[in-house]
Amino acid sequence: MVLVTCPICGKRHDVSPSPGWNFVLCDVDHGVTVFVDGRGNVREVHGTKLAERGARLRFVPGMDDLAPTWIDVDRIRLVLDGTIPPSEEDEAAVRVLLRLGIVRYEEVE
Amino acid sequence: MSSVIPREALQHLELRLQGAIVGPLEEAGFFEEIEGRELSALSQEFGDRKLLNYLLEALHDWGYIYLAGTKVYRTAKRPEVPPVVGDDVEDFMVVPSKVFSRLYEAVKDGKRPFHVSSPENRALFYRFMDSRFLKMMLLEGLRRLGLSSIPRGAVVADLSFHMGVVTGIIAMETEAAVVAVDPSQDMLDLARERLNAQGLLRDNISFIRSAPERVRQAVSSAGHSVIHLAVVAEKLNWIRDPILLLKNAASVLAPGGRGRERGYIGILQSVWDDPIMRGYSLATYLMGSDISPRRSDVDKWLRASGLRYKVEGRGPMFMARAWR
C-alpha cells in the first residue's frame, strides 16, 4: 500500500499500488483518484469531488453498456453527480469501473 | 439433472451467434471472395489460417457453405432470426456483436483488435464473462461438479479466475476457503474490488499472484497445504500447457481415506464439438484465447496428465471431475 494525502482536505489514505486508476473515498462528498504506473509508482493524485458542480469522475461515452451487470449504473451516476452519498459497495464499484476504463477521471474547469 | 438453462434459449443463442457472424461477413464480401475457390488457395490469402479453417468448418456445419471437391461454395441459407429472444440472450450478445463486427478484418489481416492484452479491451472481456447467460452456464456447471457441497473447512483453488468472475461464483456457492490465482496483480485487485462491491469479500478468500500452473506455490502462499477442489473453468483454451496445469493441480489435491473426501479437479470447458459453443469459441478467440479444444483434446490431456475422470455433463459445456 502507498500513503497519499487528499488534496481537498488533507486526510491521509492507504491506496493499493496496483497499476492504473485507483479511487478511495475520503468523505461523503469527495474522494482521491490516484494513477499508479506499471512499476507501482504514484504518478497522479487528484482530489475528486462527488458533486453536481466540479464533478471529476465521468462515464466514458459509449462504454456504459460494457459496465458489469451487477453494477447499478444509474445509481453510480447519481453517486458521481453527488446526488446520493456512496456506500462502501458503491465505492468499490467505482474502483472497478475505473480499472475497466468505463469511468474516467476528467479535469473540469 | 435437468438444466436450468432452457433448451429453447440455447437454440436462440446459437441462431443469434450465427447471425452475428454471417451478417458482417456478408457485408465485407467474404462469401464472394471465397466462392468457387480452392481451400489451399484461400489459406494462402488470409492472414489467420487457423481462424479461417475453424470459421469455414463452422459455416459448413451450420449449412452456409458446402464443399465440392476442394472448392468452397455458398449455399442458399441465410441467417435465421429467432422469433423471440430472451433478455439473457440479448445481454450475452452485447460483446459478440461488437467483436464479430470486425471478424473479417481479423481473419483477413491476422490481427485480433479486441485482444484482452490491450487495456482498452478489458471492459469488453469482463462484460463478456460477466454476462448473465455465461454466469448461469458456469454456475450450473460448477454446481454439477459439486461446488455447493464443498464444506466450510475445505479449500477451493480457482485456477480459472477470468478477472474474478469465477471467483465470485465460488464465493457465492461455498463458505470454503478460496485461493484465487492469477499472474496479474491488477486483475487480482479488480477481483477483490468486485467481491467487495458485491458484499462477498471475506477473510478466507486469498488472492495470490502466480501463474495458475504454479498452483502448489500459490496454495502454499495462501497458507494451505492441500486443496479439495481445483476449479478449471474455461481455462484450457487460455493456457499454453493444459497438461502441466492439470498435473500440477492434481499434485496438490487432498488425499482421501479414513472418511475424508479426496480432492478433485472440476473441469468445465467449452468444446468445439458442441455447435452452440462454436460462436462462443470464435468470440473468445477474437479476445485472446485459443479456439476451444475438441472433446478428444480434453480426453487426451486428461489421460496424458495421468488422471482418472468422470464425465458429469456434455452440453453445452464439457464437465468432468478428475483425480489422481
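In which strand of chain B does Val231(B) lie? Val231(B) belongs to strand 6 (residues 229-233) of chain B; helices (H or I, at least four residues) and strands (E, at least two) are DSSP runs, numbered from the N terminus. This is a predicted model, in which local features need pLDDT of at least 70, side-chain atom pairs count only at pLDDT 80 or more, and totals for chains, interfaces and linings use all residues. Residues are numbered from 1 along each chain as its sequence is written, while chains are lettered from A and ligands numbered from 1 in the order in which they are written.

**Confidence**

- The predictor assigns the complex an ipTM of 0.79 and a pTM of 0.86.
- The average pLDDT of chain B is 93, and 98% of the residues score at least 70; pLDDT is the predictor's confidence in each residue, from 0 to 100.

**Chain A**

- Two helices and seven strands are found in chain A, and along the sequence they follow the pattern β-β-β-β-β-β-α-α-β.
- The radius of gyration of chain A is 13 Å, close to the 13 Å that the globule rule gives for 109 residues, so chain A is as compact as a globular protein of that length. The radius is taken over C-alpha atoms, and the rule is 2.2 Å times the number of residues to the power 0.38.
- Along the principal axes, the C-alpha atoms of chain A fill a box of roughly 30 × 30 × 30 Å.
- Of the 109 residues in chain A, 35% are buried. A residue is buried if 20 or more other C-beta atoms lie within 10 Å of its own, exposed if 12 or fewer, and partly exposed in between, with C-beta atoms placed from the backbone.
- Among contacts in chain A between residues at least 6 apart in sequence, 42% join residues at least 24 apart. Two residues are in contact if their C-beta atoms, placed from the backbone, lie within 7 Å.

**Where the chains meet**

- Contacts between the chains involve 19 residues of chain A and 22 residues of chain B.
- Helix 2 (residues 88-100) of chain A supplies seven residues, the largest share of the side of chain A that touches chain B.
- By class, that side of chain A has ten nonpolar, five polar and four charged residues. Ala, Val, Leu, Ile, Met, Phe, Trp, Tyr, Cys and Pro count as nonpolar, Asp, Glu, Lys and Arg as charged, and the others, Gly among them, as polar.

**The sheet of chain B**

- In chain B, seven strands form an open sheet in the order 5-4-3-6-7-9-8, with mixed pairing; two strands pair if DSSP finds at least two bridges between them.
- Strand 5 (205-209) and strand 8 (308-313) of chain B are the edge strands, each pairing on one side only.
- From one strand to the next, the twist averages 20°. Axes are lines fitted to C-alpha atoms, for helices over the stretch in contact, and angles run from 0 to 180 degrees between N-to-C directions.
- Strand 3 (residues 155-158) and strand 4 (residues 177-182) of chain B run parallel and are joined by four bridges. Val156(B) stands opposite Val178(B), and Ala157(B) has Val179(B) as its bridge partner.
- Strand 4 of chain B is largely enclosed by the rest of the structure, because six of its six residues are buried. Ala177(B), Val179(B) and Val181(B) are buried on one side, and Val178(B), Ala180(B) and Asp182(B) on the other.

**Around Val231(B)**

- Val231(B) counts as buried because it has 29 C-beta neighbours inside 10 Å.
- Not counting residues up to four places away in sequence, Val231(B) touches several residues, including Val156(B), Ala157(B), Asp158(B) and Gly266(B).
- Val231(B) and Leu25(B) are 206 residues apart in sequence and 36 Å apart in space, C-alpha to C-alpha.

**Positive phi angles**

- Most residues other than glycine have a negative phi.
- Met163(B), which is not a glycine, has a positive phi of about 60°. Met163(B) lies in the loop between strand 3 and helix 9 (165-173) of chain B and is buried, with 26 other C-beta atoms within 10 Å.
- Glu234(B) has a positive phi near 55°. Glu234(B) is placed in the loop between strand 6 and helix 12 (242-250) of chain B and counts as buried, with 25 C-beta neighbours inside 10 Å.

**Helix 13 of chain B**

- Helix 13 (residues 275-286) of chain B is mostly covered, with ten of its twelve residues buried; among them are Met277(B), Arg278(B) and Tyr280(B).
- The cover over these buried residues includes helix 1 (7-28), helix 4 (49-62) and strand 7 (264-270) of chain B.
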